[in-house]
Amino acid sequence: MALCRSGPNPLLESNSLAYLAQNLSTRLIVPVPLRFAGQFFNLGRRKYKGVCCSSLRKAASASSVESQEDAPSTFSVCLEEELDHVIQFKMSDFKILDHVSIGLGGRADEVVFEGKVKDSGSPLYNSRVVLRQLSSAQAQRRGKRAIEVLKKLVRRKLLYHSYSMQVHGYISLPATGGSGSFILVHGYHGSFSLRHWLQQSDWLPTLEATLALDEESVRRVGEDTTGGPAVSRQLRLTRILMRDLLIGVNYLHSHGLAHTELRLENVHISPIDRHIKVGILGNAADFYEDGSNSDSMDSMDRRQMMIAFDMRCVGFIMVKMVMRELIDPLIFSKFKTFLTKGYDPSCLRELMLEILGRSSPYGNAGFQILDRNWGAGWHLLSLLLATKSSKRISCLDALRHPFLCGPRWRVVPSMDIIRWGLGSTAMRISEEYIYRQPQRSRLAHFIDLMEMLNPHPKPKNWLELLPGKWRLLYCTGKHVGLTLRQPPARVLIGDVHLTVRRASKLKANLSFVSDIGFSVLIGQDWPHDKAGKSGRLQVNSSFVLTAGRRLYLKQDKTTEKFYFGPSSNEEALAQKFTDKKWRKIVPFKELPSCLPAAKLASSDIDVTMSLDDPLNENIDTARNVLQELRTQVPPEIFDLSKLVCGTYVDSRMLVLRGVNGSALLFTRSFVDRNSFR
């Protein structure tokens with residue numbers, strides 16, 4: 001809730017208030033100068049219909065044959081029988097304060113007021129509460145549903161009060177002017193929703209002060225220091241809020257309920273107990289339609305589907321907390337379009353680099369947070385937003401995820417997280433300039449580790465995962481750039497993509513297309529001006545994929561010949577795997593001399609190059625550009641027939657090996673990236 005204070009201004013007419021309630025947008029919070037004389041104004045002009053929630057629908061349908069005049073009496077009896085576990089208030093029990101919000105969360109049929117209980121005989125005497133006036137029939141159903149859900153959750157009052165917004169009771173006003181009104185009375189947990197917190201310019205220190213982060217709160221997330229850089233502080237705050245949110249959502253799921261409306265606007269932070277409140281449960285849905293804990297297949301599917309929907313909403317909340325740029329509806333629509341089109345959420349980092357770039361007004365704090373701990377944040381995000389509902393993570397598993405556990409927590413990572421960490425670390429290193437041998441050796445070491453832990457060694461897995469578009473990150477072969485050379489044509493290489501298509505689902509035939517974007521730098525000022533003439537080189541070839549083995553090569557220093565056996569790099573890996581840390585996760589006891597791989601047998605290749613004017617009219621220049629491309633680009637990309645096998649593949653990363661033993665590391669990209677700009 002975002003309630004605004006208004007001063008002592010003249011009373012508005014009810015028609016003006018109704019006009020405001022119907023026309024305010026989602027984010028518009030307007031101070032309405034109202035004084036109240038003991039009752040609320042009716043916002044709607046619809047004719048009243050007696051509506052009862054869920055279990056009362058049969059009674060309502062049975063009484064539909066009665067006359068329209070008898071509806072109010074039927075409605076009052078219905079309320080007395082169904083809502084007897086909460087308090088029925090009267091308007092005279094409250095002192096209305098000058099705080100009001102209209103059109104909260106995009107709903108023009110709700111008006112939210114603040115009030116204080118002035119009845120000395122009430123247990124809520126002198127407590128601040130919120131009165132939510134619901135005008136339409138749909139809004140009233142939400143209010144009654146929130147009261148009905150309270151019956152299921154009140155058995156564990158401590159958890160209910162900690163993680164749900166308290167519902168104290170209701171006010172039922174008689175119908176006046178052809179319409180009735182239902183007012184929900186619930187707890188006051190601060191005037192800001194989580195969305196309003198994140199939109200504040202000084203949200204981080206203010207929210208830290210509201211949560212009163214003391215040493216005990218810090219220990220809850222495993223941190224041993226307070227303060228520090230903004231990224232560390234934001235990560236600590238994200239962990240606290242996400243863990244609190246997941247505990248509250250798990251509380252609902254354990255009671256057979258799904259929230260179905262988890263959004264930033266419906267999440268509130270109470271400054272009293274410093275807990276996240278998951279909002280009014282007006283749209284909470286039961287896992288089992290008949291009300292019994294059935295073990296039938298349909299009931300289990302419904303339960304899994306509803307939990308998966310809530311976890312997807314939690315993922316949206318998490319990514320907006322970490323990357324506040326996504327609060328902008330235009331940017332978030334691009335983010336959601338990516339998921340709607342069926343792209344794998346494990347490639348979200350590639351998407352956000354494309355959308356936000358490195359010039360975001362909020363800095364790159366979100367990338368730093370998600371990249372920490374070997375990319376654990378991206379991994380959790382991919383599990384929360386998985387395309388298939390069966391693949392989404394549960395609340396309990398998310399609470400055990402390394403991203404939400406501080407460095408002092410002992411978390412045993414799964415094999416999937418270890419593979420993810422290896423790929424994320426290799427990706428981070430490849431994004432830097434690789435000039436020194438220690439960096440190159442470290443990156444080659446990570447690629448070898450990934451190949452050892454390849455989750456999909458069989459060709460049938462490759463036929464499913466290999467098709468798509470891949471971006472070249474790094475090659476372990478020889479690197480040649482523009483520095484320390486005087487080439488006949490200065491060429492700056494851009495993105496290098498490898499697109500794989502499967503010709504038929506019944507055959508193992510694949511078509512490979514390497515696409516190299518580059519710029520030809522003209523003039524003597526090329527070190528400072530990189531705006532040259534653009535060009536493009538395409539290489540096409542077809543492959544047949546079969547099962548194969550990758551043999552390790554080692555050079556015999558005495559005879560200077562190659563023989564098959566474990567190489568010096570693999571000897572270092574063997575020593576690494578004998579450590580206690582790796583002994584439990586390595587799938588084999590002894591380091592093998594070969595590993596399963598996907599063998600690639602190619603046919604003829606076709607090379608096409610295009611240049612912008614006026615370079616395309618000069619044959620000598622085109623020849624020099626082509627020669628420079630062959631010098632800088634890895635030979636396996638220029639001549640696809642030199643690709644002999646694939647040694648690692650998953651939904652995000654790919655490693656191919658060339659005939660000379662060099663490894664090419666790719667990350668999955670997406671085809672129509674222009675649609676996300």
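Predicted model: local features only at pLDDT ≥ 70, side-chain atom pairs only at ≥ 80, totals over all residues.
**Entry 1: Thr260**

I started at Thr260, which is partly exposed, with a relative accessible area of 24%. Where does Thr260 lie? I found Thr260 in the loop between strand 8 (257-258) and strand 9 (268-269). I then looked up its backbone. Thr260 is not a glycine, yet its phi is positive, about 70°. Most residues other than glycine have a negative phi.

**Entry 2: Asn126 and strand 4**

I looked for another non-glycine residue with a positive phi. Asn126 has one, near 65°. Asn126 sits in the loop between strand 4 (110-117) and strand 5 (128-134). I checked how those strands pair. Strand 4 and strand 5 run antiparallel and are joined by seven bridges. Glu114 has Val130 of strand 5 as its bridge partner. Is strand 4 mostly covered or mostly open? I read it as mostly covered, since seven of its eight residues are buried.

**Entry 3: Gly190**

Next I went to Gly190, in the loop between strand 7 (179-187) and helix 6 (194-198). Gly190 is buried, with a relative accessible area of 12%. The cut-off is under 20%, so 12% counts as buried. I also took a distance from Gly190 to Ile272. The two are 82 residues apart in sequence, and their C-alpha atoms are 8.8 Å apart in space.

**Entry 4: the chain as a whole**

I stepped back for totals. The chain holds 21 helices and 21 strands. It has 677 residues, and 51% of them count as buried. I looked at contacts between residues at least 6 apart in sequence. Of these, 71% join residues at least 24 apart.

**Entry 5: confidence**

I checked pLDDT. The chain averages 77, and 74% of the residues score at least 70. Which residues stay under 50? Residues 4-77 do, and the model has 111 contacts for them beyond four places in sequence. Residues 553-568 are also below 50, with 23 contacts in the model beyond near neighbours in sequence.

**Entry 6: helix 12**

I turned to helix 12 (residues 348-356). Eight of its nine residues are buried, so helix 12 is largely enclosed by the rest of the structure. I listed the buried ones: Leu348, Arg349, Glu350, Leu351, Met352, Leu353, Ile355 and Leu356. What do these buried residues pack against? I found helix 11 (329-340), helix 13, helix 15 (415-430), strand 12 and strand 21.

**Entry 7: helix 12 on helix 13**

I took the geometry of helix 12 with helix 13 (residues 365-384). The two pack at an angle of about 125°, and their axes are 11 Å apart. That angle makes helix 12 oblique to helix 13. Which residues meet? From helix 12 I noted Leu348, Arg349, Met352, Leu353 and Leu356. From helix 13 I noted Phe367, Asp371, Trp378 and Leu381. The residues of this contact divide into seven nonpolar, no polar and two charged.

**Entry 8: strand 21**

I finished at strand 21, one of the elements that the buried residues of helix 12 pack against. Why do I call strand 21 largely enclosed? Seven of the seven residues of strand 21 (residues 663-669) are buried, so the rest of the structure largely encloses it. I sorted its side chains by direction. Ala663, Leu665, Thr667 and Ser669 point one way. Leu664, Phe666 and Arg668 point the other way, and all are buried.

Then I looked up its pairing. Strand 12 (residues 468-475) runs antiparallel to strand 21, with six bridges joining them. In that pair, Leu472 stands opposite Phe666. Strand 20 (residues 653-658) also pairs with strand 21 in the antiparallel sense, over five bridges. There, Met653 has Thr667 as its bridge partner. Strand 20 and strand 21 form a hairpin with four residues between the strands. Gly661 in this hairpin takes a positive phi near 90°.

Note on methods
Residues numbered from 1 in each chain as written. Heavy atoms only, no water. Buried < 20%, exposed > 50% of the residue type's maximum accessible area, 1.4 Å probe, protein only. Pairing = 2+ DSSP bridges. Axes fitted to C-alpha atoms, helices over the stretch in contact; angles between N-to-C directions. Parallel < 35°, antiparallel > 145°, perpendicular 65-115°, else oblique. Contact = heavy atoms within 4.5 Å. Nonpolar A, V, L, I, M, F, W, Y, C, P; charged D, E, K, R; others polar. pLDDT = per-residue confidence, 0-100.
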